[in-house]
Structures are given as C-alpha cells and as structure tokens.
Amino acid sequence: MPVEAVIAAAREFLGDRITTNTALRDHHSHGQDTQPPVMPDAVAFIESTEEACRLMALCHAERVPVVPWGAGTSLEGHVTPVRGGITLDMSRMNNVLHVSQPDMDCRVQAGVTREQLNVHLRDMGLFFPVDPGTSACTIGGMSATRASGTNAVRYGTMRDNVMGLTVVMPDGKLIRTGGRVRKSSSGYDLTRLFVGSEGTLGIITEIQLRLHGIPEAVSSATCQFNTLRDAVETVISILQLGIPVARMELLDEVQMAACIAYSKLEGLAALPTLFFEFHGTEAGVAEQASQAEELALGNDGLGFAWAAEASARAKLWQARHDAYWAALAWKPGHKSIATDAIVPISRLNEAILGAKEDISASGLTAPIVGHVGDGNFHTVIMVPPEPDGMARAWELDKKIVARALALGGSCSGEHGVGIGKREFLEQEHGAEALTVMRAVKQALDPRGVMNPGKIFLN
Ligand SMILES: Cc1cc2nc3c(=O)[nH]c(=O)nc-3n(C[C@H](O)[C@H](O)[C@H](O)COP(=O)(O)OP(=O)(O)OC[C@H]3O[C@@H](n4cnc5c(N)ncnc54)[C@H](O)[C@@H]3O)c2cc1C
C-alpha cells in the first residue's frame, strides 16, 4: 500500500511524529463543521520546512493525499481528509521568526496562532489586526482560507496583510513568493494565489505579515435599534460618509438574546444592535464617534452606550467573538451551519431582510451576526435534532446564498469553499473562470495530492 510505504519512509526522519494513533486520527477527521468526518491514515507533526519538503516528495511519488492542518477551526469541511492519506499538522511550527519595528512587518512560521502573535507584539506597540472569531486559528490556516474578522473594515483581510510566503509545492520543491516591500509590479502575484488556496496548491510554511501600530486611543460603543433595517441603514450611511470605523458588527435580536444570556451582557436588550470600535488619536476617535452617533440617531438608533474602559471593551468584543458558541448554547442539542454571504454594501438591507424572511419561512432558528462593515453577514442556522433537520438547514443556506449571488455578492466572504460551498462556485464565477481555476490546480498539482475534494466538485 503506498500510504504504508510513505509512513514507513517518513518515520526515518519524523520518528514518532508521524502517527497512526486512533485518537489523533479521529481528532484530525473533521473541522468545526457538520461534514461527515473521515480519518486520515496518519498524522504527521512536522517541525521544519525541510521536513515538509521531504514528506511532500514522498507523498507525491506515491500519489498519497496530504491535508494541511492549522488548528482545525475552519467551517466548511476544509480539513476533512475525504480521500484518506496524511494530515500534516503545522502546530509545532510555531516560532515568530523576525519582527521589524521600523518596517512594521514580521515573519512567522505557519503554526503561530493569531493570539500568540499578538502577545509577542504587544510590548513593541504593534499588532496584527486580522481576528477570526477563534483565537486558536493559525496564521497558516488564516492565510490558506483568506480569513478576516471584525477589524477588516479598517485594516483589511489576510489578502491585504500577507506580504510573502514560503511554500512547499506538491512535489516537495520550495518556493518563496512576495517579499517585504509595500508594493511590487514584478511578475504574477503568487502570494495572492496561495492566500485562499485552502491547502489545495501547496504547504505554506512561513508567512511575511504587515503589522499595524497600536492606536493611541480606542473607544467602543453599542447602539441598539428597534428594527434591523435602521441598523443596516446606519452602517451604509457610515461607510458612504467614509468614517474610518475600526469595527462595525451587527447582531440581530435573536443573536443578542443568545449573547446576553451566554456572555452575561448588562444594560442591553434583545434588539438589533451595532457594535462599534474607533481607533486613532483622542481627537480623531471623538470625532469619528460623534459622526457615527449622529448618523445612528438619524436612523432612529436608541443612543450610544460607551465601553470606554479596557475591561468593558474586552468583555464586549469577547461576547462578539463568542457569538457562535452563544448560539449553540441557546439551542441545546442542535448543530449549526454558518452561512457567510457577502454583498455590495448598498444591497445589504435586501440581503439581510431577505434572509430574515427565509429564516421565518423555514421555521428554523438562525441568529444573524456579521461583519456588516464589509457587507458580510453570517446566519448561524441551528440544525434541529430531527431526521430532516440537516436537509432543512441546507435548504435555507442555499436560499441565502442564492440571494447574495443575485445581488452581485459572493457565497463566502471569509470562511472559504471547502466542501460546503463547492456547488456555488460555477454560478458565482462562471464556467470559464472555473476552467481557469482548474487549470491552475492541474498545473501546480498534476497528481492531485494536495487536499483533494475541496473547492471543486470533482
Ligand atoms: C467560532 C468560530 C468563529 C469563526 N470566525 C471567523 C471569522 O470571523 N472570520 C474568518 O475568516 N473565519 C472565522 N472562522 C473560521 C476559521 O477560524 C478560519 O477559517 C481560520 O482561518 C482557520 O484557521 P485554522 O488554523 O484553524 O485552519 P484549519 O481549519 O486547520 O485549515 C483551514 C484550511 O487551510 C488549510 N491550511 C491550514 N494550514 C495550512 C498551511 N500551513 N498551508 C497550506 N494550507 C493550510 C487547510 O488544509 C484547510 O483547507 C471561525 C471559526 C469558528 C469555529
């Protein structure tokens, strides 16, 4: 069996860091999603780029599938090894290699988590802004899914903050992409090709990142509304006026009820709510906040409640990051599917209010929470523990995606395609563009060893 030959050969340089232990294979059989789990034949814990090269060369020679694994927090079946093979766990490649304060950049190994990086940077007055809802995720996984988070409205996504990569290609050869300069017109942009490639084109082992200065002043506030429409209109006005908010998140009344209960939020009602954060100088923050508040009041907002102290701010944003877990706790015994639709800002109300109608017609519970500053919102569809529960949830998911596409949007703002969103790609990009994507995959991975069964339907 080729996979057994690979495991035996890899043992010579990985020792017991390549394992067929059932508990470890089971742990690596799925991400944070509802796709059916599949166990890999083995899990390899590599510690260097050189080990990744050697392992990839073996797998390529024997045509054994390889699934890169960061922390397994992805939401669309990305890390499920649907064709078995070796799961390559990057968690031991977790060194911050270099930080340059003057250039405000750094180089990290792929298994560094976003939380680890920010702890490392804190005393240097710098931070890395991209913040998916779970602190466990790795910079490698975030690069591979083109992740974003609550700060993207101001600081951009992984697409904007990854400057360069070290990548082990499917045949084991090594390439470096990009560099440390703020812009370059030199050749094809391979960095952007690998950012968002979901482990289907190569193993990212090192990442060069853009960093940002910790702002002098930070202020957070919430504003509640009687209607979702008013909340979304406020978002649109703020963006159209160019107020540089750092964070602007929407939670509908169902999500607020779940968060109030889960995170013990005080002074807030189960109403549609915007969470804001403003970054800048003291004067700049005050000006941004007063402009945003004025616009909110003009849309019948119920006034700003400030979280000025660091501890109050931390509690507020932890509650936002815990929204997914709050939804699960709200409906015990349910699983969940998170939609990830994104639309042009001006179509946000049509998309969200339409989603609300779909949810109501489905009879399911589905809180809405979203990075509305980017036009991106998640519907956390709670899957009831009934025989047709999953089918009903997927039907609702499809309706929400179909509307987003009809409004000129995308099926995924940040989670990626994995297994769960494959069926929407042709509709979103068109058959010809999908043919080009397949040609890229074929050219870089002709033996189809890298994370097979993802992004493309077959
Ligand atoms: C509660 C919760 C909230 C979330 N909120 C957000 C959010 O706000 N924004 C957001 O963008 N996402 C969010 N996510 C999804 C998830 O956290 C992101 O997709 C994250 O980027 C995945 O990182 P990871 O390290 O866990 O990667 P994994 O799940 O391990 O892997 C993800 C994909 O990347 C590939 N991969 C991993 N490492 C590498 C590597 N070194 N080289 C090549 N390919 C690699 C894998 O093969 C897989 O295809 C959330 C998830 C949860 C559970």
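This is a predicted model: local features need pLDDT of at least 70, side-chain atom pairs count only at pLDDT 80 or more; totals for chains, interfaces and linings use all residues.
Close-up 1. The side chain of threonine 73 places an N or O atom 2.7 Å from an oxygen atom of the ligand. A nitrogen atom of the ligand is 2.8 Å from a backbone N or O atom of serine 148. On its own the ligand has 980 Å² of accessible area, and the protein covers 98% of this.

**Close-up 2. The shell around the ligand.** The elements that contribute two or more residues to the shell are strand 3, helix 5 (139–145), strand 10 (203–210) and helix 13 (323–330). Helix 5 supplies the largest share, five residues. In total, 36 residues surround the ligand, the closest being Pro68, Gly70, Thr73, Ser74 and Thr138. By residue class, the shell contains 16 nonpolar, 18 polar and two charged residues.

**Close-up 3. The four-stranded sheet and helix 3.** The strands of this open sheet follow the order 1-2-4-3, with mixed pairing. Strand 1 (18–19) and strand 3 (66–69) each have a single partner strand and stand at the edges, so one side of each is left without a neighbour in the sheet. Helix 3 (residues 49–62) packs on the sheet and touches strand 2, strand 3 and strand 4 (86–89). The direction of helix 3 makes about 170° with that of strand 4. Strand 1 pairs with strand 2 (residues 42–45) in the antiparallel sense over two bridges. In this pair, isoleucine 18 stands opposite alanine 44 of strand 2.

**Close-up 4. The hairpin of strand 5 and strand 6.** Strand 5 (residues 96–100) and strand 6 (residues 105–109) are joined by four bridges in the antiparallel sense. Serine 100 is placed opposite aspartate 105 of strand 6. Four residues lie between the strands of the hairpin, in which methionine 104 takes a positive phi near 50°.

Close-up 5. Seven strands make up an open antiparallel sheet in the order 15-12-14-13-17-18-16. The edges are strand 15 (304–307) and strand 16 (335–338); each has a single partner strand, so one side of each is left without a neighbour in the sheet. From one strand to the next, the twist averages 20°. Within the sheet, strand 13 (residues 247–251) and strand 14 (residues 273–280) pair over five bridges in the antiparallel sense. Here leucine 251 stands opposite threonine 273 of strand 14.

Close-up 6. Helix 12 (residues 310–321) lies across strand 12 (217–224), strand 13, strand 14, strand 15 and strand 17 (368–370). The angle of helix 12 to strand 12 is about 55°. Helix 14 (residues 348–362) lies across strand 13, strand 17 and strand 18 (378–383). Helix 14 runs at about 155° to strand 17.

Methods. Residues are numbered from 1 along each chain as its sequence is written. Side-chain values use heavy atoms; hydrogens and water are left out. Two strands pair if DSSP finds at least two bridges between them. Contact means heavy atoms within 4.5 Å. Axes are lines fitted to C-alpha atoms, for helices over the stretch in contact, and angles run from 0 to 180 degrees between N-to-C directions. A residue is near a molecule or strand if one of its heavy atoms lies within 4 Å of it. A polar contact is a pair of N or O atoms within 3.5 Å; within protein, one must be able to donate a hydrogen and the other to accept it, and residues adjacent in sequence count only if both atoms are side-chain atoms. Accessible areas come from the Shrake-Rupley method with a 1.4 Å probe; for residues, only the protein chains shown count as cover. Ala, Val, Leu, Ile, Met, Phe, Trp, Tyr, Cys and Pro count as nonpolar, Asp, Glu, Lys and Arg as charged, and the others, Gly among them, as polar.
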